[in-house]
Amino acid sequence: MNSSIAVNHPLIQHHLTRLRDQTTPPEEFRHLVQRLAVLLAYEATKDLELSAAAVRTPLVEMQGARLRDRIALVPILRAGLGMVDPILDLIPTAEVWHLGLYRDEATAEPVEYYSKLPGERPPQLALVVDPMLATGGSAVSALAALRRWGVPRLKLLSIIAAPEGVALVQGEFPDAEIHVCAVDQQLNSDKYIVPGLGDAGDRTFNTLGH
Ligand code: PRP
Ligand code: URA
């Protein structure tokens with residue numbers, strides 16, 4: 001497995017530790033997800049293509065640059081929603097396309113409940129965002145939908161991954177980039193990431209115990 005997918009940065013270690021903490025309340029959890037999403041997006045967008053753009057400063061005209069490609073930001077509902085606003089702030093021209101997937105509790109297989117990808121005019125790049133890459137089933141389903149749409153470049157941004165999920169995505173989409181804050185030890189028998197952080201959707205939206 002490609003261990004270089006994990007972004008190594010002291011700020012990531014610091015915020016991720018607090019995110020994992022079972023005593024971290026939802027409000028702080030959401031802020032931490034936002035900070036980590038920015039750090040991941042910074043790394044994942046290092047190779048975006050630019051086109052030349054002239055700009056007049058108060059002093060002179062100069063040659064600047066602007067993003068060349070159409071970029072889609074694709075959150076996997078629910079938990080992926082928490083990563084959208086901070087990345088949209090970095091890439092205000094991105095298009096946001098939502099995909100609704102949940103894991104069947106008995107089988108851990110992804111079940112699609114919302115998708116409105118248009119089917120024509122695919123963007124050049126899609127950034128799929130979901131804090132958790134566990135079995136990889138949800139990510140593979142999302143990446144497959146984007147490939148069917150015709151998106152040539154795919155990048156997956158997750159906060160915590162299990163080795164099993166990374167292996168599945170790399171096997172199914174060898175050309176997709178994966179950027180994560182940490183690759184944890186393993187999945188438990190309920191297909192939760194260990195040590196992980198528990199259920200990201202419930203911790204984001206304060207629905208634990210329902
Ligand atoms: C979580 C998470 C991912 C998925 C990862 O969502 O946000 O989408 O599980 O698991 P996988 O890699 O095994 O597919 P969940 O299904 O709990 O839905 P939620 O975000 O609505 O809570
Ligand atoms: N989904 C989560 O929210 N957490 C896990 O550990 C696995 C899947």
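This report describes how two ligands sit in a predicted protein model.

## Basis of the model

In this predicted model, local features need pLDDT of at least 70 and side-chain atom pairs count only at pLDDT 80 or more, whereas totals for chains, interfaces and linings use all residues. Residues are numbered from 1 along each chain as its sequence is written, chains are lettered from A and ligands numbered from 1 in the order in which they are written, and side-chain values use heavy atoms, with hydrogens and water left out.

## Ligand 1

There are 16 residues around ligand 1, and those that come nearest are Arg 103, Asp 130, Thr 135, Gly 136 and Ser 138; a residue belongs to this shell if one of its heavy atoms lies within 4 Å of the ligand. The shell divides into 7 nonpolar, 5 polar and 4 charged residues, where Asp, Glu, Lys and Arg count as charged, Ala, Val, Leu, Ile, Met, Phe, Trp, Tyr, Cys and Pro as nonpolar, and the others, Gly among them, as polar.

Oxygen atoms of ligand 1 lie 2.7 Å from a polar side-chain atom of Arg 103 and 2.6 Å from a polar side-chain atom of Thr 135.

## Ligand 2

Arg 103 is also one of the residues around ligand 2, and the shell of ligand 2 divides into 5 nonpolar, 1 polar and 3 charged residues.

The backbone takes part here: a polar backbone atom of Ile 193 is 2.8 Å from an oxygen atom of ligand 2, while a backbone N or O atom of Gly 198 lies 2.8 Å from a nitrogen atom of ligand 2.

Note on methods:
Polar contact = N/O pair within 3.5 Å; in protein donor to acceptor, adjacent residues only side chain to side chain.
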